[in-house]
Structures are given as C-alpha cells and as structure tokens.
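Please walk me through this structure in short steps.

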Amino acid sequence: MISYKLYAITDRTWLKEDESLADAVRHAILGGATIVQLREKSLEYDKLKELALSVQEVCRAYNVPFIVNDNVDLANEINADGVHLGQNDMSIKSARSILGEGKIIGATAKTVEQAKAAESEGADYIGSGAVFGTDTKSDATNLSIESLDEISKSVSIPVVAIGGINAYNVSTLRGTSIAGVSVVSGIFARNNKSKASRDILSNLYGRPVVECITNHVTTNEVANIVLAFGASPIMAHNINEVAEVQAGANALLLNLGATDDYMAMKKAYEVAIRSGHISVIDPVGVSGITYRRNFLKELLRIGSPTCIRGNASEILAIYKGQNTSSGLDGSVAGYDMADVTLRLARSLGTIVVASGVTDIISDGNIVTEVASGHMLQKNLTGSGCMLSASICAALAMGNVNYTNISNKNIVIVENVCLEMGDAACRAAEYVIKESKGTYSFQTKWFDELV
C-alpha cells in the first residue's frame, strides 16, 4: 500500500553547489519521505532523463515510489512508478493508455468539481493547494484549509496538500482529512534533508515517545538529542512508574551507566520486549566492570533489543563475555571488529554498533562502516550517550512514519551515525577556526544537526 504521508517534490535550485539531487533525495527518504516526485522544469529531455534515472535509482534502492511531473513519455520510457498531471497536462485517460493500469497517476485539483472529475477519470490521488502560498509556482493561489478538507472529503482517493508547507506551519493541517503533505523547499532548501523530513512528520502526525533511563551526567543532552531526531523524551527512572510509562511509549533507551536504576530498567525492558517496542541499549562500562556486564546478560535473557551501541571495547567484551579493558573508553587491538560485530549481531538477532573513529554496524547479515565524526567528541562527556539516544529516536520515528524501505532499521542506524558524525565535523571546524572550547563545540554540534 502506498503511503502519501510525506510526498517530497524535488527542486534542485535549492541545493548547495556540491550537492547532487540524488543524494538530497536519499537523505529526504532516510528522514521519512514516503514518495518522491521529480519536478525539474528547466531541463531539456536528455538531461531530465539522466537526472530522473539517478533519482529513480535511489528510490528503488529504498522501495519508495518514484513519480515524474507532467512528462508521461519520460515516465513511460524509464518505467517510473507513475506521473503527476496538472490541469493543463495530458488527460488522465490518455496517460493511463500509455502507462498502463499498474502505474500511479496523480492529478492537481483545486476545487471539489476538479477532484471528482479526476477521480472519475481514474486518478490514484489528488494534489491540492496552494495551502500556504508557494515560491515554486508564480500563478499559485491560496486554498483555504477548510476548502482543502472539503476536497479531501469529496473523493475516496487520497488527497495530498501542497503549497508552502514546512515544519513550522504543517501542524495547522492536523485534524484534516488529507492523506499527507507535498513539500518542496521545506525539505530541499534545508541543509539537513533528513531532519527536515523528520520535523515535518513529527509536527503533523505527532512525536513518538522514547522512555529514557540514562546516565544522570547526560540527561539533558540525551533529552535534547531525542527531540532533535523527531521524538519526544520522557526521563522516567522510578521503578514504580517505568512499566506504565513504557506501556504508553514507542521506544526505550537504556544506558547502563545509570547503575542505581537497574531494577527499573529491567521492569521497563520486559514491557518493551513484550510490546515489540524499539529498544536500544548503551552498554557503558561493560568492558571493565563485571557487575554491568552481568546485568546486561540479565537483560538479554529477557530478549534482544533492536540495537546495542557501544564503543569497540564494550562490544568486544559482550562478544567475549569478559573484561577487555580497565577503563570505560578503552580501545582494542588485534581484533577484526567487523567480524566481531557481525558475529555478535547474528548471535543476538539485533543491530550492533561498535562506534569509534570508524563506526562499524551490523545486523548479522551485512556489515557497514561509517567513517565520520571528529576527535573533539572525545573531549565531550556523553557523546556516545547522545549517539545511542539519536539512534533510538530515529528508529522510533522510522518505525512510526516510514514507508517500508529495504533493510529499514540498519539503514536508519547507518544514517544516524553519518548524520551525527558529519555534524560533529562541521562543529569542530567552526570551533577550531574561532579558537573556541568544549562547550562551544557541544552547542555548535546541536546547531549543526538542524
């Protein structure tokens, strides 16, 4: 079933000089875009075809429908998933005769009469707007939210709102009968397309709730990272409340540095596993502290989490079942950590992240590596805690709002590691250039996630 929750419409004029449209679309999908339309009006056919094929390749890799704007011949030639037609384009009937019954045909409609006509002619969905005005069409006129809702209720096919929609105004569309929103500059004009997509989804459909039982040293940072990645944190530690909180939540983050809360963690984890919620464990200190490692074994006897994220020494300690370091941030030598991560992920049936200079990620079937981040992260308490929190929040968002992209969870985790690392690199570049310190780095890191 096609999801129209977040319909991304391309406009490469918003991109940075060194940014490809295919890569921008990839990040939009990783943030939650459920369908993509190529709308590039100024290109000749051959150039448009080349661009279309590059974007289509990304969409197919993630199992996201790819739509071509206006150009039925191009959609047919490259075997796109469908086409979107304006009021002055080819008729829906003619497009159907060329593309066939298996393709998606969308139509623009600004009135109830146009919407009903499009449905009767065989359209699969309606695009309706402009809701807030738009810079992408000079002749666009505003459509009231009341009129949009009336159009949506007048037909049985999905209606998608379009026109000036972004993360800051999308919440006004809550409660209408629309199937989703179409967004152009609200995604492609933003530096971080993944976050732009997450923000739109969370502000329209609500934020999934992440219960965090975490190290008290980084409670504030963890809460803010969860918010940055589109979810809503609740910092519930008391054993008398954790089960009830988790029952109403979407995800659970456990940081084993919070040793006073182990019984509460266990109680909440039992609910999370029983309910099939997203769960992420950060095994802080298991590489050098037997007590923590033994508690982790207790948790794993209950069930496997969605993801375990630790440094290489911690992951090796879990794999070997013994101390591997006398400290909390010990490094490993002489081990093939890609193989260790793969084997551990396979044995537990979970995603394992061994983070470091290069993050190694495996779901037991494949291993990927993300070489990102900056050495300044080591000077900041809780950078690992924040990575675990961002993974948990993104997984919660992804499993609430994503379409069924291929290898969804490991793809999300890989993208989060890259997103956090790239933001840290940009923040480090700034603080070094400006001769700033650790707290400036932390603030700039948060800023760069936007």
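Asp282 is buried, with a relative accessible area of 1%; buried means under 20%, exposed over 50%, partly exposed in between, for a 1.4 Å probe and protein chains only. The model is predicted: local features need pLDDT of at least 70, side-chain atom pairs count only at pLDDT 80 or more, and totals for chains, interfaces and linings use all residues. Residues are numbered from 1 along each chain as its sequence is written, and side-chain values use heavy atoms, with hydrogens and water left out.

Asp282 belongs to strand β12 (residues 278-282). Strands (E, at least two residues) and helices (H or I, at least four) are DSSP runs, numbered from the N terminus. Among the residues that Asp282 touches are Leu254, Arg309 and Cys385; contact means heavy atoms within 4.5 Å.

Now the barrel. Eight strands close it in the order β1-β2-β3-β4-β5-β6-β7-β8, with parallel pairing. Two strands pair if DSSP finds at least two bridges between them. Neighbouring strands of this sheet are turned by 25 degrees against each other on average, direction ignored. Axes are lines fitted to C-alpha atoms, for helices over the stretch in contact, and angles run from 0 to 180 degrees between N-to-C directions.

Strands β1 (residues 6-9) and β2 (residues 35-38) run parallel, joined by three bridges. Ala8 stands opposite Val36 in β2. Helix α2 (residues 45-61) packs on the sheet and touches β2 and β3 (66-69). The direction of α2 makes about 175 degrees with that of β2.

Ile360 lies in strand β15 (residues 359-362). Ile360 is buried, at 11% relative accessible area.

Note on methods
Lists of a residue's contacts leave out its neighbours within four places in sequence.
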